[in-house]
Amino acid sequence: MTVTSSRTTARPRHRGDRPPARDRRRRRGGGRLRTVLVVCLAVLVLVAAGAGWLYLKLNGNISTFDSDGLSDDRPDAASSKGENVLVIGSDARTGGNSALGGGDKSDIGRSDTAFLLHIYADHRHALAVSIPRDTLVTIPPCKLPDGSWTTTQANTMFNAAYSVGQTAKGNPACTQNTVEELTGMRVDHTVVVDFKGFARLTEVVGGVKVCLPQDIYQKDLNPNRATRGKLLFEQGEQSVSGERALDYVRIRHGIGDGSDIGRIKRQQAFVASLLKKVKSDGLTPTKLLPLADAATASLTVDSGLGSADKLISFVMSLKDIDLHNTKFVTVPWRYEGSRVAVVEPDADALWAALKADRTIDGKDASGGTSGGKGKGATATPSPSAVDGSGVSVTVYNGTAVSGLAARAADELTAAGFTVTGTATATSQDHATTVIQYGPGLQSRARKVAQLFPGAELREIGGAVVNVVLGQTFATAAPATAAPSAVPSGVSDEARSADDDPCSDLSYG
């Protein structure tokens with residue numbers, strides 16, 4: 001039996017013939033898919049043809065720091081629903097950095113700037129919290145090059161953590177330990193960028209837009225100069241790269257009030273402008289390969305990001321974060337003499353919002369999930385989610401309300417804490433509950449504080465954690481109440497990555 005096709009035989013198409021409109025639409029609709037396939041195919045062909053050297057080059061660029069220096073007493077991985085990345089700008093003078101940053105090549109590494117980047121669980125929002133280098137913090141025990149550990153250092157400048165061990169490359173693990181102690185949140189990754197790498201990155205992207213409120217001279221960068229020197233920047237918007245970009249982010253005395261806080265705001269504006277430039281250029285192979293080469297050569301990272309595939313995979317997971325939803329703030333602060341002190345309870349409110357994946361205006365950015373990291377998370381914390389295992393607590397009733405210590409002990413025990421005893425405090429006029437903790441025990445005290453909303457953390461002598469109950473405990477709101485937005489003083493100062501670089505020119 002002969003089967004005859006019902007299709008009409010197509011006539012041969014001549015070179016000058018125009019394809020039907022339907023075919024043209026199909027071609028345009030498949031253009032994006034074909035582009036993706038071509039890129040993927042090109043990568044596979046390069047590797048198959050022996051050009052895997054590119055991957056090996058990127059892999060060989062990456063330096064890692066010793067994770068053995070991380071504390072054994074870290075916040076739980078489930079203490080935050082999103083991911084937290086500590087970014088440190090190092091002014092180490094090694095590896096050609098002295099030519100850009102000045103100073104002696106044998107000088108120890110220091111952290112010139114640092115911020116904690118919280119990537120919300122919905123992967124559509126991000127918040128970078130700058131920590132001023134002069135902030136007075138508690139530096140927990142840190143590992144030294146000889147394998148020994150330091151003792152806890154209270155009331156110490158934040159950037160001193162990076163200098164622990166007196167090494168030229170600095171001590172990223174100690175800074176990570178300090179941030180975890182300060183915030184009560186687990187840092188998932190730490191990235192260090194040096195002067196040389198920073199300058200190279202700005203060159204690869206073709207410059208970054210900045211805006212100056214006035215002309216800037218050499219003396220503004222170095223106030224010890226006898227004369228104002230040559231003009232470095234003219235007033236207004238301009239593009240900077242390389243050493244000029246470094247000069248811009250290091251200017252302190254020539255703009256605004258000349259403070260480090262002002263410089264931090266300027267650095268936030270710069271990073272925002274850099275992100276905007278990378279986004280506008282697009283993530284094409286032509287743009288990505290030089291950027292990846294420059295980035296991997298300039299970074300020192302934790303072992304979790306210690307290979308090209310891990311680092312690139314992590315970066316690509318951030319591609320859906322909108323510029324407007326990328327915010328920059330500074331930890332709540334006040335001056336304490338010539339130093340900076342963290343303002344409480346404002347800072348704790350900020351950390352609590354991040355743990356619960358609340359944006360700075362109080363919105364839920366957990367992605368509607370219902371578990372821990374990678375598994376989802378509930379929008380509000382509850383006592384049942386607190387894991388107090390391994391933490392011993394003594395409870396004191398600081399009020400005239402009888403039975404209060406026993407009630408608190410029951411709640412602590414139910415959450416897994418070990419209650420070593422209950423007693424009456426030396427005074428019964430405590431209005432607010434106080435969590436007392438010994439040196440190096442702040443992270444444990446923070447766990448306890450999760451059961452006592454509004455409690456004050458206070459460091460004391462001795463290796464103990466005490467709960468001194470105040471009147472607020474008897475009338476406290478349920479611990480399951482939804483976390484509020486961060487204090488208006490923080491949110492009002494926030495900068496978005498899509499803000500005009502010429503907004504807020506004085507930066508303090």
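1. Let's start at T394. Setting aside the residues within four places of T394 in sequence, its contacts are T420, G421, V465, N466 and V467. Keep in mind as you look around that this is a predicted model.

2. Where does T394 sit? T394 belongs to strand β16, which covers residues 392-397. T394 has a relative accessible area of 17%, and the cut-off for buried is under 20%, so T394 counts as buried.

3. Now for the helices. A packed pair is described by the angle between the two axes and the distance between them. Take α8 (residues 242-250) and α9 (residues 260-281): their axes lie 8 Å apart, at an angle of about 140 degrees. That angle makes α8 oblique to α9.

4. Which residues bring α8 and α9 together? On the α8 side you'll find A245, Y248, V249 and R250, and they meet R263, R266, Q267 and F270 of α9. Sorted by class, this contact has four nonpolar residues, three charged and one polar.

5. Helix α8 also packs with α6 (residues 195-204), and here the axes come within 8 Å and cross at roughly 115 degrees. The crossing of α6 past α8 is right-handed.

6. For the α6 and α8 pair, α6 supplies F195, F198, A199, T202 and E203, while α8 brings G242, E243, A245, L246, V249 and R250. That contact divides into six nonpolar, three charged and two polar residues.

Key:
Residues numbered from 1 in each chain as written. Predicted model: local features only at pLDDT ≥ 70, side-chain atom pairs only at ≥ 80, totals over all residues. Heavy atoms only, no water. Axes fitted to C-alpha atoms, helices over the stretch in contact; angles between N-to-C directions. Helix = DSSP H or I, 4+ residues; strand = E, 2+ residues; numbered from the N terminus. Parallel < 35°, antiparallel > 145°, perpendicular 65-115°, else oblique. Contact = heavy atoms within 4.5 Å. Nonpolar A, V, L, I, M, F, W, Y, C, P; charged D, E, K, R; others polar. Left-handed = near helix turned anticlockwise from the far one by under 90°. Buried < 20%, exposed > 50% of the residue type's maximum accessible area, 1.4 Å probe, protein only.
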